[in-house]
Amino acid sequence: MLSAKHIELVKSTIPLLESAGTGITEYFYQRMFKHNPELKHIFNMTNQRSGGQPAALFSAIAAYAKNIDKLAALSGAVERIAHKHTSLNIQPEHYPIVGHHLLATLRELAPEAFTAEVEEAWAAAYGVLAGIFINREEELYQKNANRVGGWLGARQFKVIEKRQESALVTSFVFAPVDDEPVVDYQAGQYLGIKVEPAHHEYREMRQYSLSDKPNGKTYRISVKREDSRNPDDEPGTVSNYLHDQVNVGDVLDIFPPAGDFHYVERNEPVVLISAGVGVTPMQSMLEMLASKKSDKPVFYLHACENLAQHSFNERVQALTSELKLTHHTWYRELDGNEQEVLNSQGHSGSVNSHMGFMNLVPMKADLPLDKGDFYLCGPVAFMRFVKQQLIELGVEDTRIHYEVFGPHSDL
Ligand SMILES: Cc1cc2nc3c(=O)[nH]c(=O)nc-3n(C[C@H](O)[C@H](O)[C@H](O)COP(=O)(O)OP(=O)(O)OC[C@H]3O[C@@H](n4cnc5c(N)ncnc54)[C@H](O)[C@@H]3O)c2cc1C
Ligand code: HEM
C-alpha cells in the first residue's frame, strides 16, 4: 500500500515527467542497455531505434503517475502489457533491474526535483506497480502451464509446413518436438518466437499472431517479409530470417499463446477489419467461427496493396459458403492483368472489390453499427483512419477492439 504522502509526491512529479517527455525513457533504455547488455537479448532493438518502445513505456509510466490513486483505470493497459511480457518470458527478477535504472534516470535527469523523499515515493510506487505485473504474469504463466498441452517458458517446435500465401506473406506450421498436445488459444492471440540468426549479435524475440483455428496439435503463423523502409536501413531481421533460412524440419523456441486482443463471443454480428498482414488474427477468427458452424452475420473488410499481396483471398472466398459472410476488399493499385482477373471474378458475383482507401460510409446501411463488435488490425495510421469513420458512424468506442503489430499506441 502506498501512503497518502507517497501518492502526493509521485503526483507532484507529473509536470516534470510531461515536460521531459519520451527523453526520460530513451535515456532510461540507453542506461539500462549500457549496464545490463544481456537485456538486449530480450528487447526488440528495432523498436528502440524507431522510438516506439520508449514512447510506449513513457506513456505507461505517465499514466501510472496520473492514476496512482485510482489504479482500476489502468487495468486494461496492465492486462495488455502483462500478456506481452509473458510472450517474452519476463521474470520477477527482471523487475528490480528496470526499477533501478528508472530511479537512477529520474535522479540523473532532474537532480533538483528528485529529492530523497521524492525518490523514496517513486521507489515505493514502482514496487507496487512491479508487484501488480509480477502477480498477473505469474497467473498467466500458471494458467497456460496447467491446461492440456500447456507449458512454461520456451518449448521446441519443428516446422512441418512452409507455404507462400501471397507475394510477401509465408505461413509456417509448427508441431512440438515432444509430440505432445499443444494448448488451445483464443482466436486473435499470438505466439512469442525466439530465434538466433547466424552472425547476428543478439537472440531475437518477436510476436506472431496465430492465423488458423486452434486444433490441439499444431500452430500456424503467417509472416510478412519486412523490407527496409529506407535505403540505409537493414531489412527486417526475423521476418527475413524466417522466410529465407527456416525450412521444414527446422526447430525453433516458442512461448505459449498470449494476448488480450481476441474474439469474445457475444450474441451479436461481428465485423473484422484488417489491412496488409493484419489479416492474420482475422483469419484465425474466421476459421474458428467456421469450425463452430457459427450462423451469425460476419463482415470481413480488408485493405491491401494489390492482388499479388492479397493473402488468404481464395480461402476467404471458400469460407463464404460456410459462414454468413460478407467480404469486401479495397486494393490500393492494380495492374492491368490484376484488373482483368478481378473483373472476371466480379462477374461471377463472389467478389466485392473497391479501389483506394477503405470507405465505410457507402455501406453504412449494411453494417451492424449499433450493436456489432468491431475487430481491427493493420498499420496504426490505417486503424486510426477506420476507427475515426466508425466513431463518426456512431459505433461506441467500447465495441472497437484493435491490435498493434509493434509497441502499443493509442488510436
Ligand atoms: C502482437 C503482435 C502480433 C504480430 N503478428 C504478426 C503477424 O501475424 N505477422 C507478421 O508478419 N508480423 C506480425 N507482427 C510483427 C512481428 O512481430 C515483427 O515485428 C515483424 O515481423 C518485423 O520483425 P523483423 O525482425 O523482421 O523486423 P525488424 O528487424 O524488427 O525491423 C522492422 C522494420 O524496421 C526497419 N528497420 C530496421 N532497422 C532500422 C533502423 N535502424 N531504423 C529504422 N527502421 C529500421 C526494418 O527495415 C523493418 O522494416 C506482430 C507483432 C505484434 C506485437
Ligand atoms: C513496472 C515496470 C514495467 C512497465 C511499466 C512496463 C511497460 C511496458 C510497456 C508499456 C510495453 C509495451 C506494451 C505493448 O506494446 O503493448 C512493454 C513491453 C515490453 N517490456 Fe515492459 N514494462 C515493465 C517492466 C518490464 C521488465 C522488468 C522487463 C524485462 C526486462 C520488460 C520487458 C519488456 C519487453 C521486452 C517488452 C517488449 C518490447 C518490444 O517489443 O520492443 N518490461 N513494457
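Tutor: A polar contact is a pair of N or O atoms within 3.5 Å; within protein, one must be able to donate a hydrogen and the other to accept it, and residues adjacent in sequence count only if both atoms are side-chain atoms. Here, a polar side-chain atom of His85 lies 2.8 Å from a nitrogen atom of ligand 2. This is a predicted model: local features need pLDDT of at least 70, side-chain atom pairs count only at pLDDT 80 or more, and totals for chains, interfaces and linings use all residues. Residues are numbered from 1 along each chain as its sequence is written, chains are lettered from A and ligands numbered from 1 in the order in which they are written, and side-chain values use heavy atoms, with hydrogens and water left out.

Student: Which residue is the donor to the iron atom of ligand 2?

Tutor: Donors are N, O and S atoms within 2.8 Å of the metal (3.2 Å for Na, K and Ca); water is not among the atoms, so sites may look incomplete. In this model, the protein gives the iron a single donor, NE2 of His85, 2.1 Å away. His85 sits in helix H6 (residues 75-87). Helices (H or I, at least four residues) and strands (E, at least two) are DSSP runs, numbered from the N terminus.

Student: Which residues are closest to ligand 2?

Tutor: A residue is near a molecule or strand if one of its heavy atoms lies within 4 Å of it. Ligand 2 has 23 such residues around it, the closest being Asn47, Arg80, Lys84, His85 and His408. A side-chain N or O atom of Arg80 is 3.0 Å from an oxygen atom of ligand 2. A polar backbone atom of His408 is 2.7 Å from an oxygen atom of this ligand.

Student: How do the residues around ligand 2 divide by type?

Tutor: Ala, Val, Leu, Ile, Met, Phe, Trp, Tyr, Cys and Pro count as nonpolar, Asp, Glu, Lys and Arg as charged, and the others, Gly among them, as polar. The shell of ligand 2 has 14 nonpolar, seven polar and two charged residues. For ligand 1, the shell has eight nonpolar, eleven polar and ten charged residues.

Student: What touches ligand 1 by polar contacts?

Tutor: A polar backbone atom of Gln207 is 2.6 Å from an oxygen atom of ligand 1. For Val238, a polar backbone atom is 2.7 Å from a ligand oxygen. Thr280 uses a polar side-chain atom, 2.8 Å from an oxygen atom of ligand 1.

Student: Which strand gives the largest share of the shell around ligand 1?

Tutor: S4 does, with four residues. Strand S4 spans 204-209.
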